[in-house]
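Try each task before you read its solution.

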Amino acid sequence: MALFQKPKYSTVIVKKKDIPQGMWKKCPASGEIIYNKELEQNQNVVAKSGYHFPITARKRIGHLLDEGSFSELDKDLVAGDPLKFVDSQSYPERIARSQKKTGESDSIVSGKGTIHGIPVSIAVFDFQFAGGSLGSVAGEKITRAIELAIEEKIPCIVISASGGARMQEGILSLMQMAKTSAALGRLSEAGLPFISVLTDPTAGGVTASFATLGDVIIAEPGARICFAGARVIKETTNEELPEGFQSAEFLFQRGLIDQIVPRTEMRDRLRDILAALYTKKEPVTS
């Protein structure tokens, strides 16, 4: 018999600095530690708790649209600097930093494609770009997406993830609320469906305009949806606020939202809604 036996458990101490970075995430809802690759395979949704981590616009488009069907439009639109806005840095510097971080020209990725063979015009916010803020470029791209839907007689989908209007553009940013809403009026007159998908967060001028004008309004579970933040409302009204009053679930119970749909089920749910609302029409030709 050997004098020394191999220990049952390893006695090697793994230091925190030896653990590769970016391989794991902790679920804020359950505390579970999830392997990033496993999380990505489930569209950044934690399988057990259902918690929805953020996702980029392009990955969302990849999950929703038929493979190879997406044709991007208006990619080269870039914000100007109408107000010469400067705080800790200039507005062009902020835009350049967001462009470098995300690889996007602005906070919206838009174009057309198909969902289970059904043609759609789609615009998707990327929250990583300046908090998904609504500026002149984002408003223009959403408006063009709506106008494309009218021209080709197809449904329009906008997926929101935004902190609201972009303050560095002032009134030019706020004007996008009216411009996009007017375009949706024309879409409605054409008898074409608009589906609005609200994700975490959807706030400010986005909530106060096109995001809540959908023929069908869908939200992801747990999404925060509001105009002003809870702290601002509480300090302004000096009232205690109901628990979770800005959550998708709270607003669903009160009728603002039509459906709450997990991200992993969104593609098939959109197919079902589109099939019910949309009858294929011949596009307008010049």
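**Exercise 1. List the residues that threonine 199 touches, and say where threonine 199 sits and whether it is buried or exposed.**

Step 1. Leaving out residues up to four places away in sequence, threonine 199 touches Arg60, Ile159, Ser160, Ala161, Glu220, Ala223 and Arg224; contact means heavy atoms within 4.5 Å.

Before going on, a word on the source. This is a predicted model, in which local features need pLDDT of at least 70 and side-chain atom pairs count only at pLDDT 80 or more, while totals for chains, interfaces and linings use all residues. Residues are numbered from 1 along each chain as its sequence is written, and side-chain values use heavy atoms, with hydrogens and water left out.

Step 2. Threonine 199 belongs to strand β7; helices (H or I, at least four residues) and strands (E, at least two) are DSSP runs, numbered from the N terminus.

Step 3. The relative accessibility of threonine 199 is 2%, so this residue counts as buried. The classes are buried under 20% relative accessible area, exposed over 50% and partly exposed in between, with a 1.4 Å probe and protein chains only.

Step 4. One of the touching residues, serine 160, is 39 residues from threonine 199 in sequence, yet their C-alpha atoms are 5.9 Å apart in space.

**Exercise 2. Find the cis peptide bond and state its omega.**

Step 1. Recall the background: most residues other than glycine have a negative phi, and most peptide bonds are trans.

Step 2. The cis bond joins aspartate 200 and proline 201, with omega at about -10°.

Step 3. Proline 201 is part of strand β7, which covers residues 194-202.

**Exercise 3. Examine the loop between β3 and α3: what are the phi values of aspartate 74 and lysine 84, and how accessible is each residue?**

Step 1. Aspartate 74 is in the loop between β3 (71-73) and α3 (91-102). Although aspartate 74 is not a glycine, its phi is positive, at about 60°.

Step 2. With a relative accessible area of 24%, aspartate 74 is partly exposed.

Step 3. Lysine 84 lies in the loop between β3 and α3 too, and has a positive phi of about 50° without being a glycine. Its relative accessibility of 62% makes lysine 84 exposed.

Step 4. Glycine 80 is also placed in this loop; glycine 80 is partly exposed, at 42% relative accessible area.

**Exercise 4. Start from tyrosine 91 and work out its surroundings.**

Step 1. Tyrosine 91 is found in helix α3, and its 1% relative accessibility means that it counts as buried.

Step 2. Not counting residues up to four places away in sequence, tyrosine 91 touches Ala79, Gly80, Asp81, Phe85, Arg166, Gln168 and Glu169.

Step 3. For the pair of tyrosine 91 and glycine 80, the sequence separation is 11 residues and the C-alpha to C-alpha distance is 8.8 Å.

**Exercise 5. Describe how α4 packs with α5, and how α2 packs with α9.**

Step 1. Two packed helices are described by the angle between their axes and the distance between the axes. Axes are lines fitted to C-alpha atoms, for helices over the stretch in contact, and angles run from 0 to 180 degrees between N-to-C directions.

Step 2. Helix α4 (residues 136-152) and helix α5 (residues 171-189) make an angle of about 5°, and their axes are 9 Å apart. The pair α4 and α5 is therefore roughly parallel; angles under 35 degrees count as roughly parallel, over 145 as roughly antiparallel, 65 to 115 as roughly perpendicular and the rest as oblique.

Step 3. The residues of the contact of α4 with α5 divide into 7 nonpolar, 5 polar and 4 charged. Here Ala, Val, Leu, Ile, Met, Phe, Trp, Tyr, Cys and Pro count as nonpolar, Asp, Glu, Lys and Arg as charged, and the others, Gly among them, as polar.

Step 4. Helix α2 (residues 57-64) meets helix α9 (residues 263-277) at about 50°, with axes 9 Å apart, so α2 and α9 are oblique to each other.

Step 5. Arg60, His63 and Leu64 of α2 make this contact with Arg263, Met266, Arg267 and Leu270 of α9.
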